[in-house]
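Me: Please take a close look at a single helix in this model. Then place that part in its wider setting.

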Amino acid sequence: MDELVIAGEKFSSRLIMGTGGAPSLEVLDQALVASGTELTTVAMRRLDPGAPGSVLDVLRRRDIKVLPNTAGCYTAGEAVLTARLAREALGTPWVKLEVIADERTLLPDPIETFDAAERLVADGFVVLPYIGDDPALARRLEQAGCAAVMPLGAPIGSGLGIRNPHNIELIVEAASVPVILDAGIGTASDAALAMELGCDAVLLATAVTRAQRPEVMASAMRGAVEAGRLARLAGRIPKRRYAEASSPMSK
Amino acid sequence: MPSISPRSPDVLVLGGGIIGLSTAWRAARQGLTTTVVDPAPGRGATHAAAGMLAPVSEVTYTEEPLLRLGLASLARWPEFAAELEAASGHEVDYRTDGMLDVAFGPDDLTALDDLAVFLDKLGLPFERLTGRECRRLEPMLAPSVRGGLLARGDAWVDPRRVTAALLAALDRLGVEVVRRSAAELVPGESGRSVRLDDGEIVTAERIVLAAGAWSGALQGLPPGLMPPVRPVKGQIMRLRSPAPLLGHCVRGTVHGSPVYLVPRGDGEIVLGATQEEMGFDTRVTAGGLWELLRDARELVPGVTELEMCDVVAGLRPGTPDNLPMIGRTALPGLLMATGHHRGGVLLAPLTADLLFGDPLFGDGDGALASACSPDRFKGYV
């Protein structure tokens, strides 16, 4: 498969994993390996990066790049602070920016997110913001210097799939930075659809970590992302109302 | 100049939490001279623990081996509690009224349905209840509770009382509890030796590492034998009710966030618990307590009227697969009883039996023992 490039860095896997919700580190480890991911996001507010034996050790052992995220932040101020602490602790300027509007929906707050993105870009961060499926906001964040945009398919952990494929397509059409479908993936077909719509990568966690057999679901997601990407590159046939014989008898 | 100790027990247990004390008590009752080393016995994870003995209602996908360990230990609890109360003269508030697992929102109910299917598949006994049936059992539950699942076989106990009882029982058997820290494993002439933090060397035929989240901190462990145990922080609070508030242990999920309430005979209600990967941090935080109260209040609105008596953060010893490490190691004379994560109280009787029980066990115990063999992490750290 062709490589994914974010901020000049190349990845051969287009599946980005999250770590939340795994029953144990071992199950998480097996799932990450099965997913083939090279980039995995970790919530910094729920973790002491210096503590031994944590999820960070699992990522280091598997040589998976850590993408710290600001999950749990409700204001731009908290998010900027969390990103700076993460940069200091992990030595990476990369951050998945996540500023939540309310705890019931966990939908991203567009205004706080934009505010934090501007400040983090100015501070030299590689910013990957988690946003609603809003083409206008995606464009503004790209203009503000974000390295990618990460629109949701549906609320975090909901497994509802891609609720507004049309908006995802609009974001993809306009973007010149990678578009990463983040949140809402429930099963493999959702991940494949994201790639068919033209997303550059998919980020998911719960769909794998809370599956009955996480390792198996991770393999399924890996295959789905690859299949969806290949289908996008191949170019699908137009949809028709009526049949067209695949082997016409005469011309 | 390190002094050579007159202490040379058959068994030296490093760690005086519920695991170390139960193991020491079992060893001593087998006629082995036993010594425990812990600077503050019973003040670690056991002090924070709620004491749920609930393998059925806590079962999770991918964790059937842990379920089997839990069920085996739950079956040992009635006898363990009775013998301990008789041996110590202390009551441990062991209760067998069952665990009620309730759902708050529609999504929580769907998750509970999923759990019921899983329990069915595993052949575990439970009863499915409507919201109204839940409230007939527990009238203090919020009217908005949508449904529940009663695991009658699940039980609970007061871990602080168990610790006090174990210390009393050990005292009656002449087991010494040395209130110091073990610093280093040192090569001994016969058996194994441990240097304590004041320099004293204690030699024993068998050494049991039962230091919970601190088990990896013992110096002198050969490379490859260091247990991959990490601290998993849990914040928990204790409230007090003038009248009995609940008759069962109540666990619930409120918009995806789990919380439990454990009632004691003396009116105490334990409300827990967070799970945080924060290293050896034991600070109690505003956010941690707020999350517990937020969810508990949704399930049992009356909790806000109760007196708050105690808030504490403990460190569970987590392993990569959430299973404990119990048994012999590659180093002769060194045994492990650590890594019990959220299940130390439940698994204490089984742990003691696996290490110092009668050799004539039922067939099932071989499989249990191999599931928690310390060898499985060879080369992990």
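Reply: The expected span of a helix is 1.5 Å times one less than its number of residues. This is a predicted model, and the helix to examine is H3 of chain B, residues 64-88. H3(B) has 25 residues, so it should span 36 Å. Its end C-alpha atoms lie 34 Å apart, which agrees.

The helix is kinked. The bend is about 40 degrees and sits at B:Trp77.

Next, burial. An α-helix has 3.6 residues a turn, so residues three or four places apart point the same way. The buried residues of H3(B) include B:Leu66, B:Leu69, B:Gly70, B:Ser73, B:Leu74 and B:Trp77. B:Phe80, B:Ala81, B:Leu84 and B:Ser88 are also buried. Just after the helix, B:Gly89 takes a positive phi of about 75 degrees.

Now the wider setting. The largest nonpolar core has 115 residues. Among those with the most contacts inside it are B:Leu14, B:Leu53 and B:Leu299. Helix H8 of chain B, residues 344-356, gives the most to this core, with 9 residues. Domain 1 (1-94 + 154-229 + 319-381) and domain 2 (99-152 + 230-317) of chain B both give residues, so the core lies between them.

B:Leu299 has contacts beyond its sequence neighbours, including B:Val102, B:Phe104, B:Leu141 and B:Val254. Apart from this core lies another, of 83 residues, among them A:Leu15, A:Cys73, A:Phe125 and A:Tyr130.

Last, the interface. In chain B, 16 residues are in contact with 18 residues of chain A. The chain B side divides into 4 nonpolar, 6 polar and 6 charged residues.

Definitions and conventions
Residues are numbered from 1 along each chain as its sequence is written. Chains are lettered from A and ligands numbered from 1 in the order in which they are written. This is a predicted model: local features need pLDDT of at least 70, side-chain atom pairs count only at pLDDT 80 or more; totals for chains, interfaces and linings use all residues. A nonpolar core is a set of buried Ala, Val, Leu, Ile, Met, Phe, Trp, Tyr and Cys residues joined through C-beta atoms within 7 Å. A residue is buried if 20 or more other C-beta atoms lie within 10 Å of its own, exposed if 12 or fewer, and partly exposed in between; C-beta atoms are placed from the backbone. Helices (H or I, at least four residues) and strands (E, at least two) are DSSP runs, numbered from the N terminus. Domain bounds come from an automatic or database domain assignment. Two residues are in contact if their C-beta atoms, placed from the backbone, lie within 7 Å. Ala, Val, Leu, Ile, Met, Phe, Trp, Tyr, Cys and Pro count as nonpolar, Asp, Glu, Lys and Arg as charged, and the others, Gly among them, as polar. The bend at a residue is the angle between axes fitted to the seven residues ending there and the seven starting there.
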